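Welcome! Let's take a friendly walk through a structure, one question at a time.

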Amino acid sequence: MDRTFETKLGDVTISEEAIAKTAGFVATKCYGVVGMVSKNRRDGLVSLLKKNNMSKGIEVSVNGNMLDLTLHIMVEYGINMNAVSQSIINHVKYRVSECTGMQVRTVNVIVETVRVQK
């Protein structure tokens, strides 16, 4: 559901896709995050998303002026997942609120997989 704001210059509409892309961009800039992932529901395989499809790894729920976000991510091996998740939550809440003018109620981070480098 798109969110429309009335301003003195006219109406501004923010789509869920734009919110998801903003959240994904912010999350992937956090240390230890490889990228956003999409999980195939049929066979359970996880695939790393490219930058232009990043929003497919994010679920956005708009309730009035409140946002609930769920991010599906891939992290590097050896990273403290709790620290990375807290960093994502803090950065995404701040940046998405700043960009959209909407309050972010929850940010759920789901670590779907870990990338191991040889």
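This is a predicted model: local features need pLDDT of at least 70, side-chain atom pairs count only at pLDDT 80 or more; totals for chains, interfaces and linings use all residues.

Q: In which element is the place of S85?
A: Helices are numbered from the N terminus. Residues 81-100 form helix 2. The place of S85 is in helix 2.

Q: Is S85 buried or exposed?
A: A residue counts as buried when its relative accessible area is under 20%. S85 has a relative accessible area of 14%, so S85 is buried.

Q: Which residue's backbone oxygen lies 2.8 Å from a polar atom of the side chain of S85?
A: S85 is in helix 2, and helix 2 covers residues 81-100. A polar atom of the S85 side chain lies 2.8 Å from a backbone oxygen, and that oxygen belongs to M81.

Q: Which residues is S85 in contact with, leaving aside its neighbours within four places in sequence?
A: Contact here means heavy atoms within 4.5 Å. With the neighbours within four places left aside, the partners of S85 are V109 and V111.

Q: Where is the place of V109, and which residues does V109 touch, not counting residues up to four places away in sequence?
A: The place of V109 is in strand 7, made of residues 103-115. Not counting residues up to four places away in sequence, V109 touches L71, I73, S85, I88 and I89.

Q: How do helix 1 and helix 2 pack, in terms of angle?
A: Two packed helices are described by the angle between their axes and the distance between the axes. Helix 1 (residues 16-28) and helix 2 have axes 9 Å apart, and their angle is about 140°. That makes helix 1 oblique to helix 2. The crossing is right-handed, at an angle of about 140°.

Q: Which residues in helix 2 meet those in helix 1, and how many nonpolar residues does the contact have?
A: From helix 1 come I19, T22, A23, V26 and A27, and they meet I88, H91, V92, R95, V96, C99 and T100 in helix 2. By class, this contact has three polar residues, one charged residue and, as the number asked for, eight nonpolar residues.

Q: Is I19 buried or exposed, and what is its relative accessible area?
A: The place of I19 is in helix 1. Leaving aside neighbours within four places in sequence, I19 is in contact with I14, V60, L67, L69, V96, T100 and M102. I19 is buried, and its relative accessible area is 1%.

Q: Which residues does C30 touch, not counting residues up to four places away in sequence?
A: C30 lies in the loop between helix 1 and strand 3. C30 is buried, with a relative accessible area of 7%. Not counting residues up to four places away in sequence, C30 touches S87, I88 and H91.

Q: How many Å separate the C-alpha atoms of C30 and N90?
A: Along the chain, C30 and N90 are 60 residues apart.

Q: Which residues is S55 in contact with, leaving aside its neighbours within four places in sequence?
A: S55 is found in the loop between strand 4 (46-48) and strand 5 (58-63). With a relative accessible area of 8%, S55 is buried. Leaving aside its neighbours within four places in sequence, S55 is in contact with E17, A20 and K21.

Q: What does S38 count as, at 24% relative accessibility?
A: The place of S38 is in strand 3 (residues 33-39). Buried means under 20% and exposed means over 50%. S38 has 24% relative accessibility, so S38 counts as partly exposed.

How values were computed: Residues are numbered from 1 along each chain as its sequence is written. Side-chain values use heavy atoms; hydrogens and water are left out. Axes are lines fitted to C-alpha atoms, for helices over the stretch in contact, and angles run from 0 to 180 degrees between N-to-C directions. Helices (H or I, at least four residues) and strands (E, at least two) are DSSP runs, numbered from the N terminus. Angles under 35 degrees count as roughly parallel, over 145 as roughly antiparallel, 65 to 115 as roughly perpendicular and the rest as oblique. A crossing is left-handed if the near helix is turned anticlockwise from the far one by less than a right angle, and right-handed if clockwise. Ala, Val, Leu, Ile, Met, Phe, Trp, Tyr, Cys and Pro count as nonpolar, Asp, Glu, Lys and Arg as charged, and the others, Gly among them, as polar. Buried means under 20% relative accessible area, exposed over 50%, partly exposed in between (1.4 Å probe, protein chains only). A polar contact is a pair of N or O atoms within 3.5 Å; within protein, one must be able to donate a hydrogen and the other to accept it, and residues adjacent in sequence count only if both atoms are side-chain atoms.
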